[in-house]
Amino acid sequence: MLARTVTHALVGLDARRVDVEAHLQGGVPAFAIVGLADRACQEAKERVRSGIASAALDWPSRRITVNLAPAELRKEGSGFDLPIALAVLAASRQVPPERLVGHAAVGELGLDGGLRPVGGVLAAAEGARDGGLTKLLCAAECAAEAALAGIEPVPVRHLAEAVAYLRGERDPPPVEISSNGDGAEAACPDLGDVRGQERARRALELAAAGRHNLLLAGPPGTGKTMLARRLPGILPRLPPDEALEVTRIHSVAGLLPPGRPLVTVPPFRAPHHTASVAAIVGGGPNPRPGEASLAHRGVLFLDELAEFPRNALEALRQPLEDGAISIARVGGKLVFPARFQLVATMNLCPCGARGDPAAECSCSAARLAAYRDKLSRALLDRFDLLVTVPRPRARELEAAPAEGSEAVRTRVEAARARSCDNRLRRSGKANELLSRAVERLPLSARGRARVARVARTAALLAGATEIGTEHVAEALSFRSPTELGPR
Amino acid sequence: MSDLALAAFAAETGAHVVEEPRERRFERFRRRFDAERYLARLASQGYRFLGRSDPGFPPLLRELHDTPPGLFLRGSANVELLAEPAVAIVGARSCSSYGGQVARVLGRDLSAAGLVVVSGMARGVDGEAHRGALEAGGATVAVLGCGVDRDYPAVHRHLARGICESGLVVSEYAPGVEPAPWRFPARNRIIAGLAAATVIVEARERSGALITADFALEAGREVFAVPGEITSSLSAGTNALLRLGATPLTRVGDVLEALGVEPAQAMSLELGDHAVAVLAALGEEPAGADQLGRVTGLDAAAVATALTELELAGAVAETEGLYRGVRPPD
C-alpha cells in the first residue's frame with residue numbers, strides 16, 4: 001500500500017518540492033527512510049513512531065519504506081516529521097489518502113505527538129503556493145507566518161488534530177490573518193537615552209536618511225556602540241515587499257519571534273568579532289544565510305572593526321557592492337540577498353588611548369600601523385560617513401535629554417520620501433567648494449563621490465531645492481579622518 | 001665621473017664610502033665601470049645624479065667634512081632647489097597629535113614664506129612637515145636613508161608621489177640599496193647639511209632627531225627646538241636641547257628672523273558668521289564639535305559646516321575628533 005504527502009526542502013532561501021512516499025509491504029516489521037536524509041531527518045523515525053503511538057493511532061506492523069523524492073536532493077532538519085507521519089498513516093489507511101490532495105505539510109513532532117514549529121515555513125508556504133497547493137498543515141505557531149505567503153494555513157497543535165482534520169471530523173481553529181497587531185513591534189533602544197553627542201547623532205540621522213555606511217571611531221567608553229544600536233529605531237519601517245523578503249530570510253534562520261511573524265523593523269545584526277567568515281557571509285555544506293544576509297534591509301553592526309579577521313572583512317566587500325552574496329558549491333551556486341547598511345566602530349589605536357586627552361597612547365608606530373593596515377583602503381572607502389567621537393566632558397553628560405527616536409525618524413522618512421521624486425542638483429558655488437576641497441584636502445576621486453552623496457542627503461534632510469555649499473561643507477566634515485586617510 | 005663611480009661602488013659593496021678607497025677592489029671596479037651606460041639606465045628609470053664636483057651641488061652640503069660623493073635625485077624639480085634657503089624639520093616618528101600639528105603648521109608657513117622644507121619622509125613629524133609644505137603649494141625635499149627608488153616607509157608612497165611632483169626625493173644611495181639601521185644617521189647629516197636651520201619638533205631622549213641636531217651644530221647651523229610638556233617623554237629630547245642652548249621655537253617668525261626672510265602675507269580669511277563664532281569659541285584647549293556647538297548655540301549641521309570652512313581656510317586642524325586653532329600667534 002502506497003501513500004504520498006508533499007513537503008518542501010530548503011535550498012538556500014528557496015523551497016523545493018519534496019514528495020514523501022510511504023510504502024507498506026509484507027515481511028519482517030521495519031522502518032527505513034531513504035532519499036538523502038541527514039541525521040536530524042533520520043531521527044524522524046523515532047519521533048514519528050512515538051508521535052503516532054501518543055496520538056492513539058496504530059503503528060503499522062509492516063515493513064515500512066519512506067522515500068523522500070527527488071532522491072538526489074539533500075534533506076536537512078526535522079520539518080519532515082509531520083509529512084512522514086501523515087504518509088505512513090495514509091498508507092495504512094488511518095487517514096483517507098485522497099484528503100491529502102492539495103495539502104502540503106511541515107513540522108516537527110514531539111514524542112507526545114505535539115507539533116513543534118520549524119524554520120523556513122514562509123519559504124515552504126511560498127513553494128506550496130507556487131506549486132499550486134492551497135493548504136499547508138503546520139504548527140499553530142507558524143500559521144500566521146504561512147498566511148503571509150497567501151496560502152491557507154491549517155494550524156495543528158497535535159498529530160491527533162491533523163488526523164481529525166483530514167478525516168473531516170473537526171476543523172482546526174482559524175488563525176487571525178492580521179499578522180502584526182499594533183504596538184507589537186520589537187522595542188528598539190531610543191535615541192533619547194543619549195546625552196550630548198550632537199555630532200554623532202547628526203551622523204546617525206544622515207546615515208539613516210541616505211542609507212550611508214557609517215564608521216564611528218574614538219577611544220573606548222565614548223558611547224560609540226550605544227549610538228550605533230540606536231540606528232534601527234530611526235530607520236523607516238520596512239515597506240511590505242521588503243518586510244516579506246526579510247521575513248523569509250529570518251524564517252529560514254529560525255529567528256522569527258513567536259506571534260510576530262512579519263519583520264517590519266529593519267533588522268539589526270551584531271556579530272561578535274570572533275565570528276567566522278561563514279558565520280558572517282553565510283555558508284556551510286548546505287549553505288545557510290549568514291549575518292550579512294540576516295541584516296538584509298537593515299543594519300550590520302561590526303563592533304571593534306579592526307578586531308575582525310581580515311578575510312571576514314574582505315568577504316563583505318562583495319555584498320557591499322552588489323547587495324547580494326553568492327556562495328558557490330560543487331553542487332551549485334546560491335545567492336543570498338544582503339543589502340545592508342554597514343555600521344562599525346573602532347578605536348583609534350590598539351591600546352585605545354588615542355583621542356582621549358586624559359590618557360597617553362603607548363602604541364609603537366609599527367603596532368599602530370599594523371592595526372590600521374587590517375582595514376584595507378577598499379573597505380574604508382565603503383564608509384560614506386566617518387565620525388571621530390571624542391570623550392564627552394562631564395558637563396555634556398549633564399545636558400538635557402535630547403530628541404527621541406520618533407522625532408528623528410519622522411525627519412528621516414520625510415527625507416526618504418523627497419529622495420524619490422526630487423532631482424537635486426548642486427549649485428555652482430557648491431561645485432566650486434567641492435573642487436577646492438579636492439585640491440586642499442586628502443580626498444580621492446572615490447572620496448569626492450562619497451562627499452557628493454552625503455551632501456545630497458543633507459540637502460534632502462533640510463528639504464532644500466538644491467545642494468548648497470552648506471550641505472557640501474557638512475559632508476566634507478564627515479570625510480575620512482586624516483589619521484585613517486590615505487597617506 | 002669619479003663621483004658616480006664612487007657612489008656606484010658604495011651601492012655594489014653595501015658600504016658607506018665618502019673618500020676614494022685605496023683598494024685594489026675599487027681600482028678594478030673603476031676600470032670596468034661604464035659611466036655612460038650607468039647614467040643612461042638611471043635616466044631611463046627617471047632618476048638623476050648630482051656629483052659633488054658638479055657646480056650645481058648644494059654649497060651648504062659641500063661644507064660637511066664627509067660630503068657624500070653625490071646625490072641621486074627623483075622628482076621633477078630642478079637641481080637649483082637644493083641650493084635654495086632651506087629649513088629642516090625633524091622629530092619623533094611616533095609623535096603626539098600636538099607634535100604632528102606643529103610640524104604641519106611649520107612646514108606650511110615656512111614653505112609659504114618661500115623656504116624649502118627638508119625632512120626625512122619618516123612617519124610622524126617628518127611626514128607632517130612634508131605635508132604642510134605641500135599644502136602651502138611649496139617645494140619640499142625628502143632625504144632617504146635607502147636607495148632613491150624606494151618609498152620608505154611604504155605608507156608614505158602617496159606622500160612621496162606628492163613630493164616628486166613639485167620637489168625632490170634625494171639620497172646618497174643608488175637605486176636598489178636596501179634600508180639599514182646604520183644608514184639613517186648618515187642620512188641625517190644630509191638633512192642637516194642641506195638646511196640653513198634645523199627645527200626639532202618632538203624627540204625622545206635618544207632620538208634620531210637629536211643626531212640631526214648634533215650634525216647641524218657641528219656644521220655651525222642654527223638649531224631650534226619646540227618646547228614641550230616637561231612631563232611628556234616625547235619632549236625629553238627637545239627640552240634637553242633647549243637646556244643645552246638651542247633656540248626655543250615659539251612662533252614661525254623665530255626661524256624667519258634668524259634666516260632674514262620676510263614672513264608671508266597673512267592669508268586673508270573671509271569667513272561666514274558661523275565660522276567666526278566657532279573660531280571665537282575655540283580657545284586654548286582643543287575642543288570637540290559637540291562642545292563647540294554648545295558654546296555657540298549652533299546645531300550639529302551648522303557646526304560641521306563652519307568647521308569645514310575653517311579647515312579649508314587653514315585656520316583649524318582636526319585630529320582624533322578634536323579641533324584646534326592652528327594659526328600661531330605671529
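In which helix does B:D254 lie?

Mentor: B:D254 belongs to helix α11 of chain B, which spans residues 252-259; helices (H or I, at least four residues) and strands (E, at least two) are DSSP runs numbered from the N terminus. The model is predicted, with local features needing pLDDT of at least 70 and side-chain atom pairs pLDDT 80 or more, while totals for chains, interfaces and linings use all residues. Residues are numbered from 1 along each chain as its sequence is written, and chains are lettered from A and ligands numbered from 1 in the order in which they are written.

B:F224 is 30 residues away along the chain, yet its C-alpha atom is 8.8 Å from that of B:D254.

Elsewhere in chain B, B:V141 is among the residues that touch the most other members of the largest nonpolar core, a set of 253 residues. Such a core joins buried Ala, Val, Leu, Ile, Met, Phe, Trp, Tyr and Cys residues through C-beta atoms within 7 Å. Beyond four places in sequence, the contacts of B:V141 include B:L81, B:V118 and B:L194. The largest share of this core, 9 residues, is supplied by α3(A).

In chain A, an open sheet of 4 strands runs in the order β1-β2-β4-β3, with mixed pairing; strands pair if DSSP finds at least two bridges between them. Its edge strands, β1 (2-11) and β3 (30-34) of chain A, each pair on one side only. The antiparallel strands β1(A) and β2(A) (residues 14-25) are joined by 10 bridges. Helix α3(A), residues 81-91, packs on this sheet and touches β1, β2 and β4 (63-69) of chain A.

Chain A has three parts: domain 1 (2-166), domain 2 (191-402) and domain 3 (422-487), with bounds from an automatic or database domain assignment. The C-alpha centres of domains 1 and 2 of chain A are 40 Å apart, and their contact takes 14 residues from domain 1 and 17 residues from domain 2. On the side of domain 1 of chain A that touches domain 2 of chain A, α4 (121-130) and α5 (143-147) of chain A each supply at least two residues. The largest share of that side, 3 residues, comes from α4(A).

Key: Two residues are in contact if their C-beta atoms, placed from the backbone, lie within 7 Å. Axes are lines fitted to C-alpha atoms, for helices over the stretch in contact, and angles run from 0 to 180 degrees between N-to-C directions. A residue is buried if 20 or more other C-beta atoms lie within 10 Å of its own, exposed if 12 or fewer, and partly exposed in between; C-beta atoms are placed from the backbone.
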